[in-house]
Amino acid sequence: MREVAIIGVGMTEFGELWDKSLRDLLVESSLKAMDDAKVDAVDAIYVGAMSSGLFDNQEHLASIAADYLGMVGVPATRCESACISGSLAFKGAFLDVASGYSDIVLVTGVEKMTDVSGDKAVAGLSTAADDEFEGYNGVTFPGLYAMIANAHMKKYGTTRRQLSLVAVKNHANALKNPNAQFRMKVTPEAVEGSVMIADPLHILDCSPITDGAASVVVAPLELAKEKFAHHKIVKVIGLGHATGTIALHSREDITELDAVVKAGERAYKMAGLGPDDIDFAELHDCFTIAEICELEALGFCAKGEGGLMTERGETLPDGKIPINISGGLKAKGHPVGATGVSQIIELVEQIRGDAGDRQLKKADIGLAQNLGGSGGSSIVTILKGLGSRV
Amino acid sequence: MDPQKYWRQIPARYRLEAYKCKNCGKVFFPKRLICDNCKSREFVKAEHSDKGKLLTYTVIRTGPADFQDQTPYVIGVVESENGARLTAQIADVEPENVAIGMKLRMAFRKINKTGDAGVIMYGYKAVPEFE
């Protein structure tokens with residue numbers, strides 16, 4: 001396998017973007033990444049989108065991407081695995097380049113969610129759960145994560161306040177991210193006083209419905225060094241992918257995201273690193289409890305101590321391992337197919353030293369973790385800046 | 001509602017039909033074509049024990065559009081005595097009286113209604129089991 005580098009990144013702002021269509025978002029973001037890489041053509045395109053059929057009545061996004069980017073004829077692939085669709089597209093591009101089949105490959109994750117009513121958007125998202133045996137009985141996504149939260153609180157003594165602190169941190173981080181949907185500070189009292197959705201989760205424990213797109217351009221490392229060294233080169237050193245059961249009730253331990261454990265182990269093994277080597281991470285905080293479970297699943301703390309780690313401030317920007325410096329899904333927004341790619345962009349910007357007001361002091365090695373459904377799939381990506389210490 | 005999809009699930013939803021792996025004895029609900037434990041493809045029909053306990057739950061305050069008129073309702077993961085698990089509404093109990101570990105019994109209930117005609121969809125819910 002050839003080594004792979006990220007040579008360009010670009011994204012749209014995240015939010016309720018009434019004046020932009022699905023294809024506008026897809027193209028705007030793709031062009032930004034291609035401009036950043038200084039390429040005007042690519043050998044292949046990978047599009048990550050969860051449910052453009054249900055949100056926009058439009059499938060076949062691969063063809064739309066090539067067509068509206070003015071690249072008819074270029075092979076394009078659309079990838080779907082619920083909320084990890086973006087990371088899955090990135091994996092497709094990584095393998096395409098690593099294998100030697102293609103050289104310059106564009107990855108765009110996109111979701112246009114506000115062209116349908118909130119009810120329809122929620123119904124579309126629900127298809128990431130087991131429709132026949134969860135959805136039929138009236139379960140919702142906040143409901144599934146609420147059941148994880150209640151089990152975690154009962155088993156480990158995780159507190160309501162610890163959940164709130166995840167939202168408080170991620171909202172504070174988003175204040176410094178110009179692309180974030182919710183640039184507003186929240187207090188623990190505000191989280192706990194917001195409307196209850198599914199006990200114990202309030203609306204401020206939940207990520208929002210968002211429009212947006214995010215893109216990266218990848219190339220073989222050697223080619224990147226030769227032709228695309230206008231930015232600090234960022235190398236893909238680890239990529240792990242795993243599945244979990246589709247229904248939450250089939251999970252042996254309801255408090256453990258076993259797909260994240262496995263994806264993390266595979267990514268660490270490929271990188272030859274462990275959790276202690278990671279400088280910062282973007283975790284999939286679709287609900288506050290998810291970030292707590294993921295801290296544990298990736299070995300950043302012991303099992304059951306994700307809440308405690310958060311309460312100790314270890315995940316703050318100046319803590320032991322800054323988590324979701326971008327604002328996370330919670331405050332940056334969660335345009336489902338774009339989310340995984342946007343996590344990778346945050347790693348690249350931090351590693352390059354281009355993250356502006358939210359730049360971390362130590363950002364040589366970053367980890368992004370994307371999660372599908374209630375834990376049915378996960379991809380973990382580890383990136384390193386060339387010339388970094390490892 | 002698509003009738004063929006609904007009818008296909010009647011054995012599971014009305015009668016809680018579970019399947020037991022002929023080789024290793026693991027019980028599955030709903031049925032599967034291959035055992036995830038021993039890879040055997042032979043199963044025998046088994047009764048899903050109608051008694052179980054609550055592993056975790058939540059109270060849904062904001063539901064899907066077609067369940068909104070039922071809110072607030074309790075939903076949870078129930079583990080039956082033979083080890084099979086399912087997600088079901090917990091009925092006949094006030095939300096504040098629900099607790100992890102409580103004993104439950106499965107019951108045949110109305111789940112929802114659908115379409116302009118309000119066709120009723122049935123299935124299982126769990127109710128408290130009093131000793």
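These notebook entries concern chain B of a predicted model and its interface with chain A.

**Conventions.** I number residues from 1 along each chain as its sequence is written, with chains lettered from A in the order in which they are written. In this predicted model, local features need pLDDT of at least 70 and side-chain atom pairs count only at pLDDT 80 or more, while totals for chains, interfaces and linings use all residues; side-chain values use heavy atoms, without hydrogens and water.

**Chain B.** I find two helices and eight strands (DSSP runs: helices H or I of at least four residues, strands E of at least two). The order from the N terminus is α-α-β-β-β-β-β-β-β-β. I note a C-alpha trace spanning about 45 × 35 × 25 Å along its principal axes. Of the 131 residues in chain B, 45% are buried (under 20% relative accessible area, 1.4 Å probe, protein chains only).

**Interface.** I looked up which residues meet across the two chains: 26 of chain A are in contact with 33 of chain B (heavy atoms within 4.5 Å). The two chains bury about 2500 Å² between them, with 56% of it on carbon and sulfur atoms (accessible area lost on being put together, 1.4 Å probe, summed over both parts). I record that A:Phe133, A:Tyr136 and A:Asn137 supply 30% of the area that chain A buries against chain B, more than any other three residues.

**Salt bridges.** I count two between chain A and chain B (a side-chain nitrogen of Lys or Arg within 4 Å of a carboxyl oxygen of Asp or Glu). A:Asp199 pairs with B:Arg61 in a salt bridge, and their closest N and O atoms are 2.7 Å apart.

Terms used:
Buried < 20%, exposed > 50% of the residue type's maximum accessible area, 1.4 Å probe, protein only.
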